[in-house]
Every structure is written in C-alpha cells, then in structure tokens.
Amino acid sequence: MREAAIEYRDLKLLENEILSYDIDAKLSCQSALKKMAGLLDKSERSIQRLIKLRGSVLVTYRDYKIPTEWMLDSGVVSKIKHASMKLANLYMKRVMMEVHSMRSSEREYAQEALLLQGVHFAYRAHQFAGGLDSETLRAFEQLRKSIPGHLLGSRELQSGILSS
C-alpha cells in the first residue's frame with residue numbers, strides 16, 4: 001500500500017509542478033527552456049517507471065484490493081501527458097518571444113537554432129503525449145509562421161518542421 005501511495009503522490013506532484021509552471025520573463029530564455037525540457041524529461045522517466053512497475057505489481061495490488069485505476073493509461077498517465085502539452089505550448093511561446101526580440105541580422109544563426117530547438121521540443125512532446133492538442137497545435141503553427149523569410153531556406157529548419 002505504501003509503495004502505491006508513494007508512486008501516486010510522486011506522479012500527482014509532477015503533474016502539479018507541470019501545470020503550475022509559467023513563463024518567468026525574468027529568467028533567461030535558455031534557463032527557462034532548460035527547465036521545461038527537464039520537466040518533460042522527468043515526465044518521460046516517471047511514466048516509463050510507472051509502466052515497468054505496473055507490469056510487475058498490478059496483479060498483486062488487485063489481490064490486496066489496492067486501487068489501480070490511477071496506474072492505467074487513462075489515469076494519471078493521461079493527465080501527465082496532457083500537462084506536457086502545456087509545457088510544449090509554453091516552450092514555443094518562449095521561443096517566439098525570444099526570436100521576436102532578436103531582430104538584428106547578425107543573430108540569424110541564433111534565431112535559426114532557437115526555432116529548431118522549439119520544433120524539436122514540440123516533436124518530443126508530440127511523441128510523448130501521442131499528439132498535440134488544439135491549443136499546442138496553434139502555438140506550433142504560430143511558431144512556424146514566425147520564421148523570418150530569410151530563414152525559410154534553411155534545410156535544417158525545414159527538415160525539423162517537416163519531421164514534426
């Protein structure tokens with residue numbers, strides 16, 4: 001019972017941490033993006049750990065009448081995956097804020113790298129959650145539309161967008 005309670009509590013704390021995360025304009029862009037990437041990594045590891053645990057203890061928990069609904073894909077797993085969409089949305093918004101603030105031509109490479117980083121994060125979140133919700137899809141489209149014309153010729157950026 002303790003093991004189940006601890007696992008459930010840890011997953012609920014993670015869900016709450018993701019849902020309560022918000023863009024902090026005082027935090028540098030790289031620090032904010034790193035924090036969001038860390039939360040997505042933590043989510044992926046936690047869900048993988050739960051899947052392994054679920055495979056080995058589900059029958060035992062049911063035998064001892066320990067609730068197991070939260071362990072199913074429709075339980076807390078679904079909630080964490082949904083929360084990851086908020087992270088992807090915030091990540092892309094932060095990337096757009098940063099790209100719009102760097103308008104000088106000598107920052108072209110930095111813009112391209114940042115946009116590519118945003119596309120890759122959206123793709124990771126998409127893979128983790130099994131798709132993008134409508135709000136995150138809109139943020140992705142805004143990110144895609146915010147790509148300056150001179151960067152549209154970048155093969156690396158185009159391949160990143162097409163693979164997403």
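The model is predicted: local features need pLDDT of at least 70 and side-chain atom pairs pLDDT 80 or more, while totals for chains, interfaces and linings use all residues. Residues are numbered from 1 along each chain as its sequence is written, and side-chain values use heavy atoms, leaving out hydrogens and water.

Select E7, in helix α1 (residues 2-20); helices are DSSP runs of H or I, at least four residues, numbered from the N terminus. E7 is buried at 13% relative accessibility (buried is under 20% relative accessible area, exposed over 50%, partly exposed in between, with a 1.4 Å probe and protein chains only). Not counting residues up to four places away in sequence, E7 touches R49, L53 and W70 (contact means heavy atoms within 4.5 Å).

E7 lies in helix α1 and R49 in helix α2, so the pair ties together parts 42 residues apart in sequence.

Next, show E44 and R124, whose side chains form a salt bridge at 3.0 Å, N to O. E44 is in helix α2 and R124 in helix α4 (residues 108-129), 80 residues apart.

Go to R54 in helix α2 (residues 29-63). R54 is buried, at 16%, and its contacts beyond four places in sequence are M71, L72 and D73.

Finish at K79, where α3 bends by about 25 degrees (the angle between axes fitted to the seven residues ending there and the seven starting there).

Technical notes:
Helix = DSSP H or I, 4+ residues; strand = E, 2+ residues; numbered from the N terminus. Salt bridge = Lys/Arg side-chain N within 4 Å of Asp/Glu carboxyl O.
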